[in-house]
Amino acid sequence: MSNSVISVISRFLDEYKTTTPNKLKVVDAYLLYILLTGALQFLYCLLVGTFPFNSFLSGFISCVGSFILAVCLRIQINPTNKGEFQSVSPERAFADFLFAHTVLHLVVMNFIG
Amino acid sequence: MAQTSWLRVFLFGFALGAQALTPSHYLSLSDVARLETFLGQHFTDLQSAYYSIVGLAKLGAGVADQDEACQFLKAQLDPTSVDSLFYAAVASQALAGCEIPLSNETRDILLAAVSEDSTVAQIHHAVGALTALGLPLASQEVVTALRVRINKEENVVAITLALQTAARLSQQAELGGFVEEIEDLTARLDDLGGLYLQFEEGLEATADFVVAAYGLSDHLDVEPPLKEEQVIQLVNSIFSKKSWDSMSEAFSVAGAAVALSSNRFHVPVVVRAEGPATVSHSKPTLQLLITNVLSQPMGSASVLVESATALATKSVVLSQTPFTLRDGLFELNFMSSQPASGYYQFTVAVTGDSRLVANHVELKVKVSTEVAITNMDLSIVDKDQSIGTKTSRVEFPSKSKDSFTADSHQNFAMAFQLVDVNTGVELTPHQTFVRLLNQKTGQEVVFVAEPDSKKLYKFELDMVERKSEFDSMSGTYSLHLMVGDATLENPILWNVADVILKFLDEEAPAVIQPKTLYIPKPEIQHLFREPEKKPPTVVSNAFTALILSPFLLLLILWMKLGANISNFSMSPSAVLFHIGHAAMLGLMYVYWTHLDMFQTLKYLAIIGSLTFLAGNRMLAQKAVKRMEKK
């Protein structure tokens, strides 16, 4: 059982390394970073306590929001999805990404206290 | 009294559907005397003289000095003024042997005042003067003039004066229309809580209306269109005020009182008990005073108890029993029917005159009695019942010669019976208390003795259970029995015996302080909300470093992937874009530290728009480059 799981994972990793264009790998690295940051914040909250709660929430939501926006960006600039995003060029996707981030950061900064 | 009347209306008016409203206000003898004194005060002008002389005449009293009054009228008379003639003429009619000098001009002036151009008040004065002086007048002309004036002046006072004028006219004239005016005026009365009926113009207008209505009805021998309930409500309104502001108000009230006592159709009757409504063996008769609103006794009436119901048991004790008239009071020997002590509801009916209004009255009568304490047994009962019970009987009102000692192994018990002295029936009064008074400290503890099913009162003092009430103070206590009730004529406070109580674990101090209820209490310090405990700085710093570590990972990964900025075109828009973007991020930090939302939005708008424009340009250039590469 574990054997098949390991083989599936290794195969997945191989395919990923070979078939994914570099741009997407850059975005994926960013996604991993955001994920780790959020997870660590959550770990702190579990270990030390929720004081101050608003700061924890704003940090966590910032991570979650950034993750989602980056995923959207990745989907939109992926060349294999070009068929579904006819009207959205990669530049447009990036501009949207930046604008959404501005709004997100405004809210997060307001809430961080 | 008003409260009970209101309650009665609700309960009985709905249940029986009959009008059971009775007068809650009337003129007592002292009120009548006060009214006469007020009207009899010294007058300085003709109008006050009129109110005084005529008012007192109506009440049956006379002015102090009739001749002096007559001289005053003659001296003050102004023969050219209709009002002056009216006051003098009507007042002189009330005085014996007083004649106002007349002349032809007088008659002409008065007749000229009877026209459609004068006000109703002027017509009233003219007609009043003409009839008082015995001069002829054309009644039909007056009726026409009044009709016109009523249509023009529609207020209550004018219509009332018109009715009073009509009452002085000959019966040949068409006066029937005025009776309808009474009904219209009745509709304009304000109902206050179902108890009072009066005009918003005030008490005087209401009283004048009553005088006018009954004056006209008596004159025409037509029953006024007033319901019985309305008559009583008018009575309540008019006689609720016992001191009057002006002579005219007192005059109107006197007129209304006389009208309501002696008209041909409605005479409200006032029924009240003489003294407190209580009967007992020493005073077995219930005496009622039946009067009209002027507190004049109505001897010709016959009074009957329709039913007398005991309030406790709802059983009917008396039915259709007449009262006997003796010395102006109506009496009934209630004790002859041997009622048990308590409260009784009497329904009394006054008959004998078809004019009587509110002649069914509800009265609450109390039957009181005297109580005697019998079979008072005091005993010390041992808890394990190993030693026999020691009982001693005490006779009221002497105190027991033995003293009783009880400690924690024993209970002190008391049993007695309360009986009615006259009938021997066992009683259960409202208050049966046992009071123990510590002779040394003055501490007092009170208990309630309760009757069992056979109405035998028992009281038991369990030393252990009750020690908290006594604060465990041992000592000699004097025992008192207190018996009281509203229906008892002889409340009892009896020092029965002395009891020595011994408590274990005496905790209380030797001198008892009175319960410290009123000394200043300890001050409460306000506790402000404690700020939450922060984790130690070391932990916070460690985690901050930990959180920043993924950023390093990101940089490493990016370097491994070969992400670079080699493609960076130094176009002005790109540079501007990056600067703008960096400025926005910087603004975020400054927002966190210094600014508020409004300022941030302001700066963000400026920087953001610049960045947007530059970014747009830059991305467009990139897109073009990408297209070219393809």
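A salt bridge here means a side-chain nitrogen of Lys or Arg within 4 Å of a carboxyl oxygen of Asp or Glu. Keep in mind that this is a predicted model. By that definition, B:Asp31, B:Arg34 and B:Lys242 are tied together in a network of salt bridges. Over all chains, the whole structure has 18 salt bridges.

One of them joins B:Arg147 to B:Glu181, at 3.6 Å from N to O. This pair links distant parts of the chain, with B:Arg147 sitting in helix H8 of chain B and B:Glu181 in helix H10, 34 residues apart. B:Arg147 is partly exposed at 29% relative accessibility, while B:Glu181 is buried at 12%.

Then look at B:Arg435 and B:Glu444, whose closest N and O atoms are 2.4 Å apart in a salt bridge. Here the arginine, B:Arg435, is buried at 16%, and B:Glu444 is partly exposed at 43%. B:Lys458 and B:Asp452 also form a salt bridge, at 3.3 Å; B:Lys458 is partly exposed at 47%, and so is B:Asp452 at 30%.

Now for the interface. Chain A puts 29 residues in contact with 33 of chain B, and the two chains bury about 2,800 Å² between them, 80% of it on carbon and sulfur atoms. A:Phe51, A:Glu91 and A:Leu106 supply 23% of what chain A buries there, more than any other three residues. The count of salt bridges between the chains is 1: B:Arg626 pairs with A:Glu91 at 3.1 Å. On the chain A side, H2(A) gives the most, with 14 residues, and the residues of that side split into 18 nonpolar, 8 polar and 3 charged.

Methods. Residues numbered from 1 in each chain as written. Chains lettered and ligands numbered in written order. Predicted model: local features only at pLDDT ≥ 70, side-chain atom pairs only at ≥ 80, totals over all residues. Heavy atoms only, no water. Contact = heavy atoms within 4.5 Å. Buried area = accessible area lost by both parts, 1.4 Å probe. Helix = DSSP H or I, 4+ residues; strand = E, 2+ residues; numbered from the N terminus. Nonpolar A, V, L, I, M, F, W, Y, C, P; charged D, E, K, R; others polar. Buried < 20%, exposed > 50% of the residue type's maximum accessible area, 1.4 Å probe, protein only.
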